Amino acid sequence: MRILVLGGDGYLGWPQALYLSKQGYDVAVLDNQARRQFDLKHGFDSLVPIKMLHRRTERWTELTGKTIRIYNGDTVNFESLAAAFSDFQPEAVVHFAEQRAAPYSMIDREHAFYTQYNNVLGTLNVLYAIKEITPDCHLVKLGTMGEYGTPNIDIEEGFIEIKHNGRTDVLPFPKQPGSFYHLSKVHDSHNIQFACKIWGLRSTDLNQGIVYGADTYETALDPELATRFDYDQIYGTALNRFCIQAAVGYPLTVYGSGGQTRGYINIKDTVRCIELAIESQPQAGEFRVFNQITEWFSINDIAEKVTRVGSKLGLNVQSNHLPNPRVEAEDHYYNVVHTKLLDLGLQPHLLDDAEIEYMIKIALENRDRIDRRMILPTVNWRDAENDVKRVEEQFAN
Ligand code: NAD
Ligand code: USQ
């Protein structure tokens, strides 16, 4: 089966391309290098050194004899996207190619605009490319658990049965996202569901939780295959950030009281989940939603785990409750239905001490690459104007 991975140079897209190639699929990647350009422009860098996309694919071929085709394309530029679809004729498309940082989307109008323009219109182009060029192609789209927010009821898997004034229907689960980034995913979901209904496209929307983990079995084969490890205040997620903070002796940056609870998934499970979605193709016209998480923790739970494991490694790990720069519930109910991928055969790698120890050790090995100026949050949901200045000052340093 031919699979096109959009955003195939990113943290998740690259390991996904390797994993699918290893399983015997014919894989191509498309990327516009937006993420690398952000790093170059602002002086950010992955904790772990990463090779350019061409070298990565070359190394994969040297090691395995398998090839991964590269398309330099942009989902927002329909010509480049359509050229890749026409040339490769994908039977499945895995769509990772979006601006994925909530703090980035909350810097100011310009960054909110870019995020929604890039994500929503890029995905609209993907839907048209499928309709016009490869109408049977299965779209596997990366959504996010943050689309749902934190309602005071169980979060169902995409849809909920509602009884109202004596009548009953099964409707999309209510969405209460917490950033302009998370909102872009909600808009995508609506557009995708609509395209399935009117054109008979087939799609799986994966509401994925926070992904952690430094490598997959394939990226670990060789340092030149490594995927990125973000720890900065814009792209770094809390667990990655806490691991590098423990390694450099910086108090863990817990935002607010730390009761914020989120779904998590190991990167090794992410790549498998997407294969499971591809293998179990939906019917024409079907819009499926899977909740792609394996467990959930509060930020305090994560800080406690990193403190415990760091202490075992002889590190002095402290926590600091910073004023929360985001607008979010800090003490809330959280219970998520996530059975569909388990039913398809997912066998989760859960977050144990060994995984955290591995991540802290990678941070210790790359300690001289950690820029402490990237640790404190610079984007405040409530006070964007002031923070643009602070973000710019920090980028300028
Ligand atoms: P990433 O930023 O590392 O990778 C995204 C890749 O897409 C980058 O290589 C970037 O250059 C590319 N890209 C962005 N816009 C593009 C465009 N218009 N055209 C072509 N390429 C473009 O992000 P990631 O962590 O790998 O996340 C991938 C996807 O998974 C995103 O959609 C994200 O929202 C979703 N997701 C990620 C996580 C997580 O914890 N990392 C959790 C849930 C969902
Ligand atoms: N947080 C801290 N300290 C930090 C960083 C974050 O306490 O130093 C808190 C945040 O306030 C938030 C929680 O940790 O309550 C999660 O934040 P995060 O930065 O780890 O993750 P988030 O912003 O939710 O975004 C990440 C990915 C995004 C993906 C999302 C999945 O960047 O692409 O969509 O996880 S989910 O959270 O399920 O929506």
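A residue is called buried when its relative accessible area is under 20%, exposed when that value is over 50%, and partly exposed in between, with a 1.4 Å probe and protein chains only. By that definition, both Tyr-71 and Phe-88 are buried.

The model is predicted, and local features need pLDDT of at least 70 while side-chain atom pairs count only at pLDDT 80 or more, whereas totals for chains, interfaces and linings use all residues. Residues are numbered from 1 along each chain as its sequence is written, and side-chain values use heavy atoms, with hydrogens and water left out.

**Aromatic contacts**

A pair of aromatic rings is described by the distance of the centres and the angle of the planes. Rings of Phe, Tyr and Trp (its six-membered ring) pair if their centres lie within 6.5 Å, and planes under 30 degrees apart count as stacked, over 60 as edge-to-face and the rest as tilted. The whole structure holds 12 aromatic pairs, including the two tabulated here.

| Pair | Centre to centre | Angle between planes | Class |
|---|---|---|---|
| Tyr-71 and Phe-88 | 6.4 Å | 65 degrees | edge-to-face |
| Tyr-148 and Phe-173 | 5.5 Å | 90 degrees | edge-to-face |

Tyr-71 belongs to strand β3 (residues 68–72) and Phe-88 to helix α4 (residues 78–88), so that this pair links distant parts of the chain, 17 residues apart. Here helices (H or I, at least four residues) and strands (E, at least two) are DSSP runs, numbered from the N terminus. Tyr-148 is in the loop between β5 (138–144) and β6 (159–164), while Phe-173 is in the loop between β7 (167–172) and α7 (180–199), and the pair therefore ties together parts that are 25 residues apart in sequence. Tyr-148 and Phe-173 are buried as well.

One aromatic cluster is formed by Phe-38, Phe-44, Tyr-104, Tyr-114 and Tyr-235. A charge sits over a ring if NZ of Lys or CZ of Arg is within 6 Å of the ring centre and within 35 degrees of the ring normal; Arg-35 lies over the face of Tyr-235 at 3.6 Å from the ring centre, and Lys-268 over that of Tyr-217 at 5.4 Å.

**Cysteines**

With a disulfide taken as a pair of cysteine sulfur atoms within 2.5 Å, the count comes to 0. The sulfur of Cys-196 is 11 Å from the closest cysteine sulfur, that of Cys-137, and is therefore too far for a bond. For Cys-273, which is in no disulfide, the nearest cysteine sulfur, again in Cys-137, is 20 Å away. Cys-196 is buried at 2% relative accessibility, and Cys-273 is buried at 0% relative accessible area.

Notes. Chains lettered and ligands numbered in written order.
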